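Student: I would like to learn how the words used for a protein structure are tied to numbers. Could we go through one together?

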Amino acid sequence: AVTAPFYEVENSEVIIVIGANPTENHPVAATFFKNAAKNGSKLIVMDPRGQALKRYATHMVQFNPGTDVALLNSIMKIIVDENLYDREYISKQTSGFENFKKHLNSFSPEIMTEITGVDPSLVKDIARLFANTKKGIIFWGMGISQHIHGTDNARCLISLCLMTGNIGNRGSGLHPLRGQNNVQ
């Protein structure tokens with residue numbers, strides 16, 4: 001479910017859009033994303049396809065179709081390896097983090113590049129950007145949820161927000177883009 005409205009990007013420093021083409025499907029939200037990017041927010045667009053929003057993106061990640069989980073796990077692996085996670089938030093608000101860290105051991109960007117097609121240096125840049133802000137927000141569309149790995153995709157995005165403490169603050173959170181309010 002939505003933890004922040006789309007207009008909260010006005011307060012965001014880092015915006016991730018994955019599995020969605022807001023310019024085509026959510027034009028009002030896309031206008032807010034474009035304006036935020038014009039005002040200095042880092043816009044990271046992750047999509048196997050090219051799309052119009054990439055003109056505003058500081059980082060365009062065109063990964064191999066169906067490799068979302070591998071890509072997201074490799075981002076989280078960097079956050080763990082470089083100790084960029086929010087220890088205080090994790091200890092107060094989550095459980096099972098030590099097991100999760102072990103799970104990420106096999107997802108280094110150097111190994112995952114063969115699967116995802118994404119350069120490891122780009123993965124590291126994105127991980128550092130998102131982990132080093134408390135004003136990071138993630139938007140996803142049905143390219144994430146209506147997928148053979150939809151549940152795993154959503155869990156990865158939730159984990160990314162939780163491990164960095166990017167939830168519950170202005171300019172942060174999770175927002176699945178949907179067509180109607182009652183879809184969720």
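Tutor: We will take a few terms in turn and set each value against its definition.
This is a predicted model, in which local features need pLDDT of at least 70 and side-chain atom pairs count only at pLDDT 80 or more, while totals for chains, interfaces and linings use all residues. Residues are numbered from 1 along each chain as its sequence is written, and side-chain values use heavy atoms, with hydrogens and water left out.

Student: What makes strand 4 largely enclosed by the rest of the structure?

Tutor: Strands are DSSP runs of E with at least two residues, helices are runs of H or I with at least four, and both are numbered from the N terminus. A residue is buried under 20% relative accessible area, exposed over 50% and partly exposed in between, using a 1.4 Å probe and protein chains only. Five of the five residues of strand 4, residues 136-140, are buried, so the strand is largely enclosed. Gly136, Ile138 and Trp140 point one way and Ile137 and Phe139 the other, and all of them are buried. In a regular strand the side chains alternate between the two faces of the sheet.

Student: How do you know that strand 4 pairs with strand 1 and with strand 5?

Tutor: Two strands pair if DSSP finds at least two bridges between them. Strand 1 (residues 14-18) is joined to strand 4 by five bridges, and strand 4 is joined to strand 5 (residues 173-176) by four, and both pairs run parallel. Valine 14, for instance, has glycine 136 as its bridge partner in strand 4, while tryptophan 140 has proline 176 as its partner in strand 5.

Student: Why are strand 3 and strand 5 called edge strands?

Tutor: The open sheet has five strands in the order 3-2-1-4-5, with parallel pairing. Strand 3 (59-61) and strand 5 each pair on one side only, and these are the edge strands.

Student: Why is helix 6 called roughly perpendicular to helix 7?

Tutor: Axes are lines fitted to C-alpha atoms, for helices over the stretch in contact, and angles run from 0 to 180 degrees between N-to-C directions. The axes of helix 6 and helix 7 come within 9 Å and cross at roughly 115°. That makes the two helices roughly perpendicular, since the term covers 65 to 115 degrees, with under 35 roughly parallel, over 145 roughly antiparallel and the rest oblique. The contact is made by Pro109, Glu110 and Thr113 of helix 6 and Pro120, Val123 and Lys124 of helix 7.

Student: Is asparagine 83 buried, exposed or partly exposed, and how do you know?

Tutor: Asparagine 83, in the loop between helix 3 and helix 4 (87-93), has a relative accessible area of 42%, so it is partly exposed. Its phi is near 50°, a positive value in a residue other than glycine. Most residues other than glycine have a negative phi.

Terms used
Contact means heavy atoms within 4.5 Å.
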